[in-house]
Amino acid sequence: MLIKCDFHIHSEHSIDGIVPVKKIIEVAKKKGFSCIAIADHNTMRGANEAMELTKGESSFCAVPAAEYATEKGHILGLFLESEPQNLVPVDDFHYTFDSVISEIKRCGGLAFFAHPFKEKSRDRFERAIFSEVDGIEIFNSRAGCKRYLPPNDYAADAAAELLMPFTAGSDAHVAAEIGNAALYLEVDSLSLSDIKEAVLKRGGRVRGRNSKAFSCAFSAWNKQIKKKKYKRIPKQILYFGYCIGIDIWRVIWRR
């Protein structure tokens, strides 16, 4: 059977997320998704909650996941059998790349490089960075929301060249973004093992669209509020204006 998956969603358990897990599941189901991965920043709390809420369902599956920030970029841990514990901190948000990769694998998961070319500093022809991961996120709806370079195209090219497994995710932080990206997989059953096997076979089809820049600004605002960094609010207001301008320009340009 063909299933529709969003492998990268953030809940209120992320520092910049606002959507309750129950709401995420409701929205995903309404949009025709059979499988989601709530990959909160540096925690499996959202994923664990989703798995508990959907336990026993035959038409919907929640993948145990988390997104870990490292000094080399963000890594999605997918199909985790337990939560990584022995992570080596770099600062209050980032962990060392090596410890994240080794812990994800120790916990039975797959390590996927999330939005690898979203960072302006990374060269589109860089390939060595992927030598230690299991796959690449080739479409991330937020990767191109504020840039006019094609970071998702670069990621897709790398996965094709290196013959690596791939995923797609909305990277949703607000409800409206859920489902902006989808990976269609052919599976025998809606079980974690069959979905994992389908991903590794590289037989999926990807569809997606960029998020609104305003959504990125809104989650950034929420992050400052949660961290109680109120002195940054004036800067965030300017950022709101910048992102609204990008969205308006896109509407005009498309016409």
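This is a predicted model: local features need pLDDT of at least 70, side-chain atom pairs count only at pLDDT 80 or more; totals for chains, interfaces and linings use all residues.

Analyst: Happy to. Residues are numbered from 1 along each chain as its sequence is written, and side-chain values use heavy atoms, with hydrogens and water left out.

User: Is Cys-35 buried or exposed?

Analyst: Cys-35 has 0% relative accessibility, so it counts as buried. The cut-offs are under 20% relative accessible area for buried, over 50% for exposed and partly exposed in between, using a 1.4 Å probe and protein chains only. Cys-61 counts as buried too, at 7%.

User: What stands opposite Cys-5 in the strands?

Analyst: Leu-183 in S9, and Cys-35 in S2. Strands here are DSSP runs of E with at least two residues, helices are runs of H or I with at least four, and both are numbered from the N terminus.

User: Which way do S1 and its partners run?

Analyst: S1 and S9 (residues 181–186) are antiparallel, with four bridges. S1 and S2 (residues 35–38) run parallel, joined by three bridges. Two strands count as paired if DSSP finds at least two bridges between them.

User: What's the handedness of the crossover from S1 to S2?

Analyst: This β-α-β crossover is right-handed, and the chain passes through helix H1 (residues 21–30) on the way. Right-handed means that, with the strands pointing away from the viewer, the path from the first strand over the helix to the second runs clockwise.

User: How many residues of S1 are buried?

Analyst: Seven of the eight in S1 (residues 2–9), so the strand is largely enclosed by the rest of the structure. For S5 (residues 73–78) the figure is six of six, so that strand is largely enclosed as well.

User: OK, S5 then. What does it pair with?

Analyst: S4 (residues 65–70) pairs with S5 in the antiparallel sense over six bridges, and a hairpin of two residues joins S4 to S5. Within that pairing, Ala-65 has Leu-78 as its bridge partner. S5 also runs antiparallel to S6 (residues 110–113), with four bridges, and there Gly-77 is partnered by Ala-111.

User: Switching topic: how many aromatic pairs are there?

Analyst: Five. In one of them, the rings of Phe-113 and Phe-130 have centres 5.7 Å apart and planes at 85°, so the pair is edge-to-face. Rings of Phe, Tyr and Trp (its six-membered ring) pair if their centres lie within 6.5 Å; planes under 30 degrees apart are stacked, over 60 edge-to-face and the rest tilted.

User: Where do those two sit in the chain?

Analyst: Phe-113 is in S6 and Phe-130 in the loop between S6 and S7 (135–140), 17 residues apart. Both Phe-113 and Phe-130 are buried.

User: Which residues make up the ring cluster?

Analyst: Phe-97, Phe-113, Phe-117, Phe-130 and Tyr-154, linked by ring pairs.

User: Last one: which charges sit over rings?

Analyst: Lys-29 has its charged end over the ring of Phe-60, 5.3 Å from the centre. Arg-205 lies over the face of Tyr-184, at 5.2 Å from the ring centre. The rule asks for NZ of Lys or CZ of Arg within 6 Å of the ring centre and within 35 degrees of the ring normal.
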